Amino acid sequence: MANFSTHFNTASFVSAVGAGTIYYAGLVDRPESIMLFVGGIVGGILPDIDSDNSTPTKIMQYIFSNLFAFFILFRYIGLYPIGNLLLIWITSFAVSFGFFYAFNKVTSHRGMFHSIPAALIFGFGFSLLFYYIFNFDAMFSWYFGMFVFFGYLVHLILDEIYSVDLSNRRIKRSFGTALKLYSKDTKSTLLFYILVGVLFWQMPQKREFINSWTKFDIIANYKKIIRNIQR
């Protein structure tokens, strides 16, 4: 499978293109486009949270825990004195890092977390987190979850590509274990699909988001992007 550096660099490139395109199309402002860029990177390295405690995995857990603590802290800035804010940050970081520790104890690598349903779960999950916890508007929350989802897919696709050894013209045993719809564990598969349904049901303004894309004029927006770049 692809290594941490490959996943990180590819997710960064794809996210930069996507965030830049959405920004020049006028769908988000500059700070929001930067956040979407980060969301794509997060999605691009998320599938490996169920791997062993390697150095990249530990780095990833620290990054996620700090990001989670930062967004929780950002919500309460100006509402509480600095001592309370420090306690909020420490508690948020500890809860997030504790989650990753427990998560690694009960999961195995290349299980259902390397699957398309898992990508949907994390995409919807981050959207709900940004909407209900961090108080972002519905459309941006959808966009952020979308970037996490596509970053996640990029990771899975890379793992499948690296499962094919072109030099020796053979397919490795890991082929088919990343970009999948189900696993041999029927209970896990059923649980993941139930979670996808529940999270999607909780998503805000679903009809408005879907309608915004059905009315999306690719040609018109492409011309708008070109005009914005040329300015």
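**Rings, pockets and a buried histidine**

The charged end of Lys206 is placed over the ring of Phe200, at 5.7 Å from the ring's centre, where a charge counts as sitting over a ring if NZ of Lys or CZ of Arg is within 6 Å of the ring centre and within 35 degrees of the ring normal. The charged end of Lys206 also sits over the ring of Trp201, 5.9 Å from its centre. The model is a predicted one, in which local features need pLDDT of at least 70 and side-chain atom pairs count only at pLDDT 80 or more, while totals for chains, interfaces and linings use all residues. Residues are numbered from 1 along each chain as its sequence is written, and side-chain values use heavy atoms, with hydrogens and water left out.

Aromatic rings also meet one another in this model. A pair of aromatic rings is described by the distance of the centres and the angle of the planes. Rings of Phe, Tyr and Trp (its six-membered ring) pair if their centres lie within 6.5 Å, and planes under 30 degrees apart count as stacked, over 60 as edge-to-face and the rest as tilted; by this rule there are 26 aromatic pairs. One of them is the stacked pair of Trp89 and Phe93, with 5.4 Å from centre to centre and 10 degrees between the planes. These two residues are four apart in helix H4, and are therefore separated by about one helical turn, a helix being a DSSP run (H or I) of at least four residues, numbered from the N terminus. Trp89 is partly exposed at 29% relative accessibility, whereas Phe93 is buried at 18%; buried means under 20% relative accessible area, exposed over 50%, and partly exposed in between, with a 1.4 Å probe and protein chains only. Phe93 is stacked with Phe97 as well, because their ring centres are 5.9 Å apart and their planes stand at 10 degrees. Phe97, at 26% relative accessibility, is partly exposed. Elsewhere, one aromatic cluster is formed by Phe70, Phe71, Phe74, Phe126, Phe130, Phe134, Phe136, Phe140 and Phe144.

Where are the pockets lined? On a 1 Å grid over the protein atoms alone, a pocket is an open set of points where a 1.4 Å probe fits, with protein on both sides within 12 Å along at least five of seven lines, and lining residues have an atom within 4 Å of a point. The largest pocket holds about 760 Å³ of space, a volume being the space filled by probe spheres set on the points, which are joined across faces, edges and corners. Its lining has 28 residues, of which Phe68, Phe99, Phe122, Phe126 and Leu129 are the closest to the centre. Two or more lining residues come from each of H2 (30–45), H3 (55–76), H4 (82–106), H5 (116–133) and H7 (186–202), and H5 gives the largest share, seven residues. This lining divides into 26 nonpolar, two polar and no charged residues, where Ala, Val, Leu, Ile, Met, Phe, Trp, Tyr, Cys and Pro count as nonpolar, Asp, Glu, Lys and Arg as charged, and the others, Gly among them, as polar.

The second largest pocket holds about 220 Å³, and helix H6 (138–161) gives the most to its lining, with five residues.

Finally, His114 lies in the loop between H4 and H5 and counts as buried at 0% relative accessibility. The side chains of His114 and Asp159 are joined by a polar contact of 3.2 Å, meaning a pair of N or O atoms within 3.5 Å, of which, within protein, one must be able to donate a hydrogen and the other to accept it, while residues adjacent in sequence count only if both atoms are side-chain atoms.
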